[in-house]
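Me: I have a structure open that I have never looked at before. Could you walk me through some of it, one piece at a time?

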Amino acid sequence: MSEHALTLKQSGLRWLWLALVIFVADIAIKLLVMDNMGYGWANRIEVLPFFNLLYVHNYGAAFSFLSDQAGWQRWFFTAIAVIVTGLLSYWMSKLPSTEKWNNIAYALIIGGAVGNVFDRVVHGFVVDYLDFFWGDYHWPAFNLADSAICIGAAMIILDGFRSKKSQA
């Protein structure tokens with residue numbers, strides 16, 4: 001197959017359904033949170049001794065990185081997500097659909113990235129709602145899209161440690 005292009009059915013693009021599932025679930029949960037929860041820490045819902053649901057806005061990226069900037073970061077992170085989504089989609093088009101591990105990893109990242117881009121473009125911020133903590137230490141709030149991106153990235157890193165079959 002290295003001498004000719006893969007068809008859509010043969011390529012990893014077949015796995016984009018997973019990105020769509022992540023995107024739709026992410027947006028649905030965010031809309032549910034926005035419509036049914038009050039904003040901020042005072043309105044959190046205590047679920048477990050180490051976990052709350054809460055509705056907050058993130059104007060930055062992961063862990064509120066650059067959230068205190070004047071607004072340029074909205075378009076900067078949107079551009080990065082669009083570039084990464086394009087690159088991963090291209091790589092998926094070159095991978096056979098049977099290469100499940102990497103295709104799933106790429107689809108998770110794409111679905112999460114597009115979910116957060118949707119928020120940035122439509123709302124001007126990303127909706128976060130998952131709050132994990134231990135004692136007085138709170139992990140920065142995050143969402144399903146962030147989780148999918150992190151899981152996909154971890155899968156890519158782990159792939160570097162997986163033994164590969166000889167291509168001879």
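**A first walk through the model**

Reply: Let us begin with K100, which is exposed, having a relative accessible area of 51%, and keep in mind throughout that this is a predicted model.

Me: OK, and where does K100 lie?

Reply: K100 lies in helix 3.

Me: Staying with helix 3, is N116 buried or exposed?

Reply: N116, which has its place in helix 3, counts as buried because its relative accessibility is 6%, and the cut-off for buried is under 20%.

Me: What does N116 touch?

Reply: Leaving out residues up to four places away in sequence, N116 touches D26, K30, V126, N143, A145, D146 and I149. With one of these, N143, there is a polar contact between the two side chains, at 3.4 Å.

Me: And what does N143 cap?

Reply: N143 caps the N-terminal end of helix 4, where a side-chain oxygen of N143 lies 2.9 Å from the backbone nitrogen of A145.

Me: Tell me about helix 4, then. How many residues has it, and how far does it reach?

Reply: Helix 4 covers residues 144–159, which makes 16 residues, and from its first C-alpha to its last it reaches 22 Å, close to the 22 Å expected at 1.5 Å a residue.

Me: Which of its residues are buried, and what do they pack against?

Reply: The buried residues of helix 4 are A145, D146, A148, G152, M155 and D159, and they pack against helix 1 (16–36), helix 3 (100–122) and strand 3 (126–134).

Me: Switching to the strands: what is their order in the sheet?

Reply: There is an open sheet of 4 strands in the order 1-2-3-4, and the pairing is antiparallel. Strand 1 (45–48) and strand 4 (137–138) stand at the edges with a single partner strand each, so one side of each is left without a neighbour in the sheet.

Me: How many bridges join strand 2 and strand 3?

Reply: Strand 2 and strand 3 pair in the antiparallel sense over 6 bridges, and L53 has L130 in strand 3 as its bridge partner. Strand 3 itself is largely enclosed by the rest of the structure, because 7 of its 9 residues are buried.

Me: What about strand 3 and strand 4, over how many bridges do they pair?

Reply: Strand 3 and strand 4 pair over 2 bridges, again in the antiparallel sense, and F133 has H138 in strand 4 as its bridge partner. The hairpin of these strands has 2 residues between them, and in that hairpin G135 takes a positive phi near 65°.

Me: Which strands does helix 1 lie across?

Reply: Helix 1 lies across strand 2 (51–58) and strand 3, and relative to strand 3 it runs at about 80°.

Me: Last one: where is Y39 found, and what is it in contact with?

Reply: Y39 is found in the loop between helix 1 and strand 1, and it counts as partly exposed because its relative accessibility is 44%. Leaving aside neighbours within four places in sequence, Y39 is in contact with Y55, V56 and H57. In the case of H57, the side chain of Y39 reaches the backbone nitrogen at 3.2 Å, while the C-alpha atoms of Y39 and H57, 18 residues apart along the chain, are separated by 8.6 Å.

Definitions and conventions. Residues are numbered from 1 along each chain as its sequence is written. This is a predicted model: local features need pLDDT of at least 70, side-chain atom pairs count only at pLDDT 80 or more; totals for chains, interfaces and linings use all residues. Side-chain values use heavy atoms; hydrogens and water are left out. The expected span of a helix is 1.5 Å times one less than its number of residues. Buried means under 20% relative accessible area, exposed over 50%, partly exposed in between (1.4 Å probe, protein chains only). Contact means heavy atoms within 4.5 Å. A polar contact is a pair of N or O atoms within 3.5 Å; within protein, one must be able to donate a hydrogen and the other to accept it, and residues adjacent in sequence count only if both atoms are side-chain atoms. Two strands pair if DSSP finds at least two bridges between them. Axes are lines fitted to C-alpha atoms, for helices over the stretch in contact, and angles run from 0 to 180 degrees between N-to-C directions.
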